[in-house]
Amino acid sequence: MGGTLSRNTVYSGLDSIVLVILAFVNISLLNSTFGISGFGVYSFLMMFTVYGSLVAFDFGIEGVLIHRIAKTNASNDEEQRARVGFTGLLLLSVLGAIIGVAVYLILGGMSSSIWAGDPDSTRKLTASFFWVAIAVPFQFLSLAGNGILLGLNKFGLGKGISVFFLVFNFCAIFICCTSSQPFSMIFTILFFGAVLRALMSTTAALYFVARIIKLDNRLFEELLGLVRVGGVLFVSRMVGLVFNYTDKIIISTFLGSAALGAYEIVRRL
């Protein structure tokens with residue numbers, strides 16, 4: 001038990017270290033290429049991903065999925081484990097599709113008015129929000145795959161995929177900043193990265209839990225169980241959402257993209 005805990009802690013630490021290092025390098029790249037207002041637009045758009053505020057809208061299901069998969073894994077109940085995994089994938093896929101459409105409508109409605117006095121930031125936002133929105137369903141699917149892998153104690157695999165795509169996202173920004181690509185190309189590449197990550201994480205997860213599942217009452221009960229327990233976690237996540245993202249929305253709306261960029265740099269430091 002102690003060895004497993006130590007090993008998993010190392011995997012999580014590696015994930016966090018890589019995230020922090022690449023995040024600081026990305027700040028320099030984005031500011032030097034697109035200016036502080038461009039970094040502000042990037043920070044604003046990243047709020048509409050699961051790496052930003054949208055993680056709250058998985059309704060805590062990723063965490064519940066980890067717990068339920070681990071519980072069925074410990075009891076060697078392969079059928080129940082497959083049922084939980086299938087239900088989690090299905091539920092987060094539906095949620096991702098719904099929230100992706102909502103993001104598209106929200107960003108589409110505000111893209112031309114939020115920075116009306118800043119045509120450059122408006123142009124960057126308008127050209128990018130489509131790619132941000134269509135990436136959302138795949139990001140939610142990745143949450144399900146990751147939840148299954150962590151529940152199975154495949155920590156090394158789950159965190160390995162996470163680190164790989166942290167580097168992938170960094171490479172997307174690096175390529176766009178050093179090859180004179182338009183700002184929107186960053187989110188175009190990140191979309192394809194989201195698709196690839198969803199394929200990798202769900203394929204790996206299904207490899208361990210794949211089994212023929214009957215569409216019966218037990219499956220429906222499992223679905224309700226995930227929603228019911230996840231709903232409790234959702235309340236706490238919404239509190240965190242208010243505290244962590246309301247400031248960015250207020251600054252962006254009233255002070256502009258450059259002010260948001262400056263605020264994000266200081267906050268991250």
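The structure is a predicted model, in which local features require a pLDDT of at least 70 and side-chain atom pairs count only at pLDDT 80 or more, whereas totals for chains, interfaces and linings use all residues. Residues are numbered from 1 along each chain as its sequence is written, and side-chain values use heavy atoms, with hydrogens and water left out.

The secondary structure of the chain consists of eight helices and zero strands, and its pattern along the sequence reads α-α-α-α-α-α-α-α. Helices (H or I, at least four residues) and strands (E, at least two) are DSSP runs, numbered from the N terminus. Of the 269 residues in the chain, 46% count as buried; this term denotes under 20% relative accessible area, while exposed denotes over 50% and partly exposed the range in between (1.4 Å probe, protein chains only).

Two packed helices are described by the angle between their axes and the distance between the axes. The axes of helix α3 (residues 78–110) and α4 come within 8 Å and cross at roughly 160°. Axes are lines fitted to C-alpha atoms, for helices over the stretch in contact, and angles run from 0 to 180 degrees between N-to-C directions. Helix α3 is therefore roughly antiparallel to α4, given that angles under 35 degrees count as roughly parallel, over 145 as roughly antiparallel, 65 to 115 as roughly perpendicular and the rest as oblique. The contact of α3 with α4 comprises 19 nonpolar, seven polar and no charged residues. In this classification, Ala, Val, Leu, Ile, Met, Phe, Trp, Tyr, Cys and Pro are nonpolar, Asp, Glu, Lys and Arg are charged, and the others, Gly among them, are polar.

Aromatic rings of Phe, Tyr and Trp (its six-membered ring) pair if their centres lie within 6.5 Å; planes under 30 degrees apart count as stacked, over 60 as edge-to-face and the rest as tilted. By this rule, the count is 17 aromatic pairs. The rings of Trp 131 and Phe 191 have centres 5.6 Å apart and planes at 50°, so this pair is tilted. The pair links distant parts of the chain, with Trp 131 in helix α4 (residues 119–151) and Phe 191 in helix α6 (residues 184–209), 60 residues apart. Trp 131 is partly exposed at 24% relative accessibility, whereas Phe 191 is buried at 11%. The pair of Phe 183 and Phe 187 is also tilted, because the ring centres lie 5.8 Å apart with the planes at 55°. Phe 183 is buried, with a relative accessible area of 5%, and Phe 187 is buried at 3% relative accessibility.

Ser 184 is placed in helix α6 and is buried, with a relative accessible area of 17%. Residues up to four places away in sequence not being counted, Ser 184 touches Ala 127 and Ser 128.

Two loop residues were also examined. Asn 153, in the loop between α4 and α5 (155–178), has a positive phi of about 65° although it is not a glycine, and at 38% relative accessibility Asn 153 is partly exposed. Ser 180, in the loop between α5 and α6, likewise is not a glycine and has a positive phi of about 60°; at 72% relative accessibility, Ser 180 is exposed.

How values were computed
Contact = heavy atoms within 4.5 Å.
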